[in-house]
Amino acid sequence: MQHNRLQRNTNCIDDRGGVDSFERILESLAARPKYLPEWPDTQRAMPNEILRSALFNCRNRNQARLFMKDAEIAVIGDGQVIYRGEELRQDDELVWLHLMHLAKKTHLGDCIDFTPYSFIKMLGWPIKGQSYDRLRVCLSRMQATAIRFQSKRLDTFISVSLILKFRSRNDNNENLSRWEVWVGEEMRLLFDEEFLTRVNWETRRALPDGIASKLFGYWSSHRKPFPVKAETLIKLCGSEMELRHFRIELRKALDVLVKVSFLESWEVKDDLVTVARRH
């Protein structure tokens, strides 16, 4: 089945076409609203290109994060994602989900400000110094990213950073009471209503960072998920486990997704994973 394979786009992007691509991006931005699409406070939203890729992976937290230099990220389905920056994981995804929830209330390109206390509370992290440090590191890590997306629906490639700028301290290195983040206008190109997935926020933040949270996002992007091979899912998760060990952890994650009432049922037969969503 075509969908059961990780698709690799072998078309090279010619730098000589960069000017035309940039002009098309500017024209597309000018024709779009300055705000992101709307969704309720009980949900968060993510572009399908991200949910169906290994951009936010779920490698073991005890493993050092890699620095990736123009690395091709695994994608299920159409498209290509090229990434430069420190490896991103599920805690970064949780932070970015909530940040974009705040961003939809402002013009993209304008400053988004918040108290770190309120942000950490919404993530469901414990209110302690370690969480403040963790949030600061996540935001700083996402600022130092360069991601190139290409897919049929985008018509061209776009290159973005998840965060343009981030400030948690002033020029005297004193902590700000309200942290400040800027997200680029180009992000509107990814947040098209038709290619956007809304996820239940309570369910997402209740899931432990790992295979369960990663597959929650992936299967949320399909109303009726198609069967997929375990060897495909291990690439989507960005896991470096041996496949036999991953299969064990996969079954545990599937049980978790049933327990939180996201999945109605699941089955693994001939290494093909079939799930039925509850809603």
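Colleague: Is glutamate 242 buried, partly exposed or exposed in this predicted model?
Modeller: The model is predicted, and the class follows from the relative accessible area. Buried means under 20% and exposed over 50%. Glutamate 242 has a relative accessible area of 44%, so the residue is partly exposed.

Colleague: Which side chain meets that of glutamate 242 in a salt bridge?
Modeller: Side chains of opposite charge can pair when their charged atoms come close. The N to O distance in this salt bridge is 2.9 Å. Glutamate 242 meets arginine 244.

Colleague: How many residues apart are arginine 167 and glutamate 180?
Modeller: Arginine 167 forms a salt bridge with glutamate 180, with the closest N and O atoms 2.7 Å apart. The pair links distant parts of the chain: arginine 167 is in strand β9 and glutamate 180 in strand β10, 13 residues apart.

Colleague: Is arginine 188 buried or exposed?
Modeller: Arginine 188 forms a salt bridge with glutamate 185, the closest N and O atoms being 3.7 Å apart. Glutamate 185 counts as partly exposed at 40% relative accessibility. For arginine 188 the relative accessible area is 6%, so the residue is buried.

Colleague: Which residues is serine 131 in contact with, leaving aside its neighbours within four places in sequence?
Modeller: Serine 131 lies in helix α5, residues 129-143. Its relative accessible area is 4%, so serine 131 is buried. With neighbours within four places left aside, serine 131 is in contact with Ile120, Trp125 and Pro126.

Colleague: How many of the residues of helix α7 are buried?
Modeller: Helix α7 spans residues 211-220 and is mostly covered. Among its buried residues are Lys214, Phe216, Tyr218 and Trp219. The count of buried residues in α7 is ten of ten.

Colleague: Over which residues does pLDDT stay under 50?
Modeller: The protein chain averages a pLDDT of 89, and 88% of the residues score at least 70. Where pLDDT is low, the predicted coordinates should not be read in detail. The model has 28 contacts beyond four places in sequence for the stretch where pLDDT stays under 50, residues 1-17.

Methods: Residues are numbered from 1 along each chain as its sequence is written. This is a predicted model: local features need pLDDT of at least 70, side-chain atom pairs count only at pLDDT 80 or more; totals for chains, interfaces and linings use all residues. Side-chain values use heavy atoms; hydrogens and water are left out. Buried means under 20% relative accessible area, exposed over 50%, partly exposed in between (1.4 Å probe, protein chains only). Helices (H or I, at least four residues) and strands (E, at least two) are DSSP runs, numbered from the N terminus. Contact means heavy atoms within 4.5 Å. pLDDT is the predictor's confidence in each residue, from 0 to 100. A salt bridge is a side-chain nitrogen of Lys or Arg within 4 Å of a carboxyl oxygen of Asp or Glu.
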